[in-house]
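Please open the model in a viewer and keep the sequence panel at hand. The stops below are given in the order in which they may be selected.

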Amino acid sequence: MKDFFDPLGLALLAAILVPNLIFALTHRQGFENAVSCPRLERWEQVGRFGSLAFLVLRLPFLPWGEWFPGGEALSLPISAVLAALYCLGWVLFWREDSLRKSLALSILPSLLFLERGILTGNWALTLFALLFAPCHIALSARNALAQRKETGL
């Protein structure tokens, strides 16, 4: 079971999902996309769900293992800091709709997935993170800029 499951990945998943769940519960109307880009949105979702799944799961038939000695140990503090910064970003930007909020809350989880995948040698996580990161950041920035234009700010 140890080979299939990453308990630290589960803890990181919980840490980054909690603010999103709180947002969903307090904003029942949801988040409205100001820009529609179906192809980019589909690829973002594939990258998102793959990253979330492989943050926790390690399939033994996929290559994984530290790229260098101590990679897992190095990933622990970096992952913890990125997850904490992500949660802090939600706190700091809670009432704000801005480009900086969108960028912070899209770049931080992207970096978390990428560094965790690279430092732990989790190839599947790395590949899904490489798909997720540019799509998520681009969509977040486009939506923030479109909302700014709509509100005249």
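Which residues of helix 3 are buried? They are Gly-71, Ser-75, Ser-79, Leu-82, Ala-83, Tyr-86, Gly-89 and Trp-90, where buried means under 20% relative accessible area, exposed over 50% and partly exposed in between (1.4 Å probe, protein chains only). This is a predicted model, in which local features need pLDDT of at least 70 and side-chain atom pairs count only at pLDDT 80 or more, while totals for chains, interfaces and linings use all residues. Residues are numbered from 1 along each chain as its sequence is written, and side-chain values use heavy atoms, with hydrogens and water left out.

**Helix 3 and its cover**

Select residues 71-92, which make up helix 3; helices (H or I, at least four residues) are DSSP runs numbered from the N terminus. The 22 residues of helix 3 should span 32 Å at 1.5 Å a residue, and the end C-alpha atoms are 31 Å apart, which agrees. The expected span is 1.5 Å times one less than the number of residues. Next, display helix 1 (7-26) and helix 4 (99-120), which are included in what covers the buried residues of helix 3.

Move to Asp-6, in the segment before helix 1. Is Asp-6 buried or exposed? Asp-6 counts as buried because its relative accessibility is 7%. Its contacts (heavy atoms within 4.5 Å), leaving aside neighbours within four places in sequence, are with Leu-55, Val-56, Arg-58 and Arg-116. Show the two arginine side chains. The side chain of Asp-6 makes a polar contact of 2.8 Å with that of Arg-116, and a polar contact of 3.5 Å joins the side chains of Asp-6 and Arg-58. A polar contact is a pair of N or O atoms within 3.5 Å; within protein, one must be able to donate a hydrogen and the other to accept it, and residues adjacent in sequence count only if both atoms are side-chain atoms.

**Aromatic pairs**

Now colour the aromatic rings. How many aromatic pairs does the structure hold? There are six aromatic pairs. Phe-54 and Phe-128 form a stacked pair, at 5.6 Å centre to centre with 15° between the planes. Phe-54 lies in helix 2 (residues 38-56) and Phe-128 in helix 5 (residues 123-151), so this pair ties together parts that are 74 residues apart in sequence. Phe-54 is buried at 14% relative accessibility, whereas Phe-128 is partly exposed at 25%.

Select Phe-113 and Phe-132 next: they form an edge-to-face pair, at 5.6 Å centre to centre with 70° between the planes. This pair links distant parts of the chain, with Phe-113 in helix 4 and Phe-132 in helix 5, 19 residues apart. Phe-113 is buried, with a relative accessible area of 2%, and Phe-132 is buried, also with 2%.

For these assignments, rings of Phe, Tyr and Trp (its six-membered ring) pair if their centres lie within 6.5 Å; planes under 30 degrees apart count as stacked, over 60 as edge-to-face and the rest as tilted. Then select Phe-23, Tyr-86, Trp-90 and Trp-94, which form one aromatic cluster. Tyr-86 and Trp-90 are among the buried residues of helix 3.

**The cysteines**

Cys-135 is buried, with a relative accessible area of 8%.

Key:
Helices (H or I, at least four residues) and strands (E, at least two) are DSSP runs, numbered from the N terminus.
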